[in-house]
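User: Hi! Could you walk me through this structure? I'm new to this.

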Amino acid sequence: MSGGPPHMPAPVCLIENAESRLQTVESALDILRGIQQPVVVVAVVGLYRTGKSYLMNRLAGQQSGFALGSTIESKTKGIWMWCVPHPSKPGHTLLLLDTEGLGDVDKGDSKNDAWIFCLAVLLSSTLVYNSRGTIDNQALEKLHYVTELTDHIQIKSADDRDEDDEEEDCKFVRFFPDFVWAVRDFTLERKLNGRDVSEDEYLNFALQLKKGLNNKAVTYNLPRQCIRNFFPARKCFTFPFPTLAKNMTNLDSMAEADLFPDFLSVAKRFCSYVFAESRVKTVQGGHKVTGSRFSHLVKIYVDAINSGSIPCLENAVVAMAEIENQSAVNAGLQLYEQGMGDLSKTFPTDLGTVSAEHHRLSTMARQEFLKRSFKDEEGKYMTQLEEKVSQLSEQLFALNMEASGKLCRKLLLDLYGPMAANIQQGRYAKAGGYEIYCLDRNAMVAKYRQHGKKGMKGEEMLENFIQEKNAEANSILKADETLTESDKKMAEAREQARVQEQKVKAEKQRSQDLQCALEDERCSQEECVARLVEKMEEEKRLQHEELERALESKLKEQREMLEKGFKDKAEIMGQEIEQLKKEKTQIKEAKPGFLEKVFLPIAKIGNNVFSTVLQYKGIRKMFK
C-alpha cells in the first residue's frame, strides 16, 4: 500500500545515547517521514541482558535483527527501530522499538535510564516490560522508573495549569500505552492457594496493594499503584527457558525445532496478542499517529529532554500539529498547483472549463489537507490553504484572459488582412463598394466564429473589433455614390444595430460564464462544509474513544479496589470516573461552532475569487 514502510532488512538506530546525551538520527527520521500509514508502536524495556531483543525479532517475523548479546555487556544502545508491514492490519505499519537495557553498569547514570524508560512510554502504544525469574517485590523495585514518570512527563504546559491543578495520576491513563509484562525463564508453578491461575491472575496478584499508611506500606504500594493507575490495560506472559543453558548464547541462530515447545507456544501467544490487541499510536485528543507524525514526536520529545525541559504531552501535540498542518497546506496546494499548471498549458480555454477544473482541484486539495491535518481547531491552516488557492486561481484566470485576448486579436487581424489590402487598393472606394465591404466583413466574422478555440474573450474581442472598424465602415458608406441619402441613413442604423447586437452577445457570454463559475463555487463550498463536518465528527469520535478507554480501565480498577476492601481508594476513583463521564457528555453535546470560524472566511474567499475577481477584475477590467 502507498505510504507504507520501506523494506528494512534490519533495524536502525532512531535515538543515539552517547556520552549521556540523547540525539535523534536523521536518516531514521527520514524513513519515518515517508510513512503515511498509521503506526502501531511496540516498545520493549527492561534490565540489560534479559533477552529483550529476541522478542522484538519475533514480532518482526525474523530470527535475527535486533542485536542479541551473549555476554554481560548490553548490546542495544539508545533506541533502535524496525518498521515492517503490520501482519494482521492492512494499511498499518508495525513500528518496533528496542530500548537500551536499564541498569547497565557501564553507564553509571540512572537519570539516563529514566529518560530511556520515559521515551518508551511516550512513544509506544504497547509497552513490553521484559524481566527474568518471577514477579516479586524485588522485580517491582527494579521497576522504580514507573514511579518517576510524573516527574518526567507533564500533561499540560505550565502556562495552562492553574496553581491548584495537580496532574492527577488518573489523567495519564488516557495517553499512556497498554502494559505487557514478559517474564522470562519462569520456572515456578502458577498456583495461588493451591489453585492454578492464569498469567494475568498471577500479575494481578503481584500488583495487589497492602492496607495501611505507614512508610513500609506506602513504599510497597507505590510501584504497584503506578502500574494500576497509568496503564489502561495490563497483560502478562510467563516464558519458560527457551533451550538448554549451554545453547542460550546461540539463541538468534537456533532453528525453531531446536527450541523447547513450551517456550515456542508462549512466544506465539505473545506475538498473536501484540498483533491483535496493540492499538494505533495516538496522542492527546485521540488523534492517530502516522510515521510522519511519529518522526516529529520523537524529535520534539528528545529536544525537550536535551534542553532540560520536561516533555509535555499537550505541547508536543500542538507542535506536531503545526508541523503537520503546514505540511498538509503545502501538499494540498501542490496538488492544486500541479493540476492547474497542466490546464494552463491548454490556455486559452473557456471559463466553464477553467471553473470546473478549479472546483475539482480545489476539492481535491481540501481533501488532501483534511486527510493529513489534525487539531486545526481555529481553521488557521484551512483558511491559509483557501487563501493560497484563491491567489493562485486569480493569477491563472488572468493568464487565461490574457491568452484569450492575444489569440483573438491575432486571429481578427489575420482574417482582416485581405480587407485591409482591399482598402489600400481602393476596391471599396467605388460605386457599390459598401455592399462588397459588408459581404467581406460578414465572411470574416463567420470565419472568426468558426474558429473553435478562442477562450473567454471571444465575443468581447469581436465586439471591440467591430466597434473599432465602425468609423471605417461609415467612411466607405458615405463614399458610395450608388446609395441615396435615405439608403445611407438606413445603412448607418444597421451598422449601429450590428455593434449593439455584438455587445449583447458579449454580455450574454460573460453572464453565462459568471453564473457557471458561481454555481461551481457554491457546490465547492457545500462540499467543503460537508468535509469539515465529517472531520469534526471524526475528531469527536476519537476523543470519545480515548475517554471510553480510560473510563473502562478506571471502572475495572474501582471494582477490584472494592473487592479487596480499599473503600477509600474506590471513592477517590469514583470522583475520577464521574469527571470522565462529564467530559464524555460535553464532547457528545459539543456544537459545530467552529464552522463559523472556519467556513465563513473560506466562503468569503471563494466569493471574492468569482464575484470580485471574475466579475470586476476578470471581466470588466480585462475586457475593457
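Analyst: Happy to; here is a short tour, from the whole chain to single residues. This is a predicted model, where local features need pLDDT of at least 70, side-chain atom pairs count only at pLDDT 80 or more, and totals for chains, interfaces and linings use all residues. Residues are numbered from 1 along each chain as its sequence is written, and side-chain values use heavy atoms, with hydrogens and water left out.

User: Thanks! How many helices and strands does the chain have?

Analyst: The chain has 19 helices and twelve strands. Helices (H or I, at least four residues) and strands (E, at least two) are DSSP runs, numbered from the N terminus.

User: And how much of the chain is buried?

Analyst: Of its 624 residues, 51% count as buried. Buried means under 20% relative accessible area, exposed over 50%, and partly exposed in between (1.4 Å probe, protein chains only).

User: How many bridges join E6 and E7?

Analyst: Seven bridges, in the parallel sense, join E6 (residues 126–132) to E7 (residues 178–184). Within this pair, Tyr-129 has Trp-181 in E7 as its bridge partner.

User: New topic: how do H17 and H18 cross?

Analyst: The axes of H17 (residues 485–563) and H18 (residues 567–589) come within 9 Å and cross at roughly 160°. Axes are lines fitted to C-alpha atoms, for helices over the stretch in contact, and angles run from 0 to 180 degrees between N-to-C directions. That makes H17 roughly antiparallel to H18 (angles under 35 degrees count as roughly parallel, over 145 as roughly antiparallel, 65 to 115 as roughly perpendicular and the rest as oblique).

User: Last one: is Thr-282 buried or exposed?

Analyst: Thr-282 is buried, because its relative accessible area is 18%. Thr-282 is found in strand E11 (residues 282–283).

User: What does Thr-282 touch?

Analyst: Not counting residues up to four places away in sequence, Thr-282 touches His-287, Lys-288, Val-289 and Arg-549.

Terms used. Two strands pair if DSSP finds at least two bridges between them. Contact means heavy atoms within 4.5 Å.
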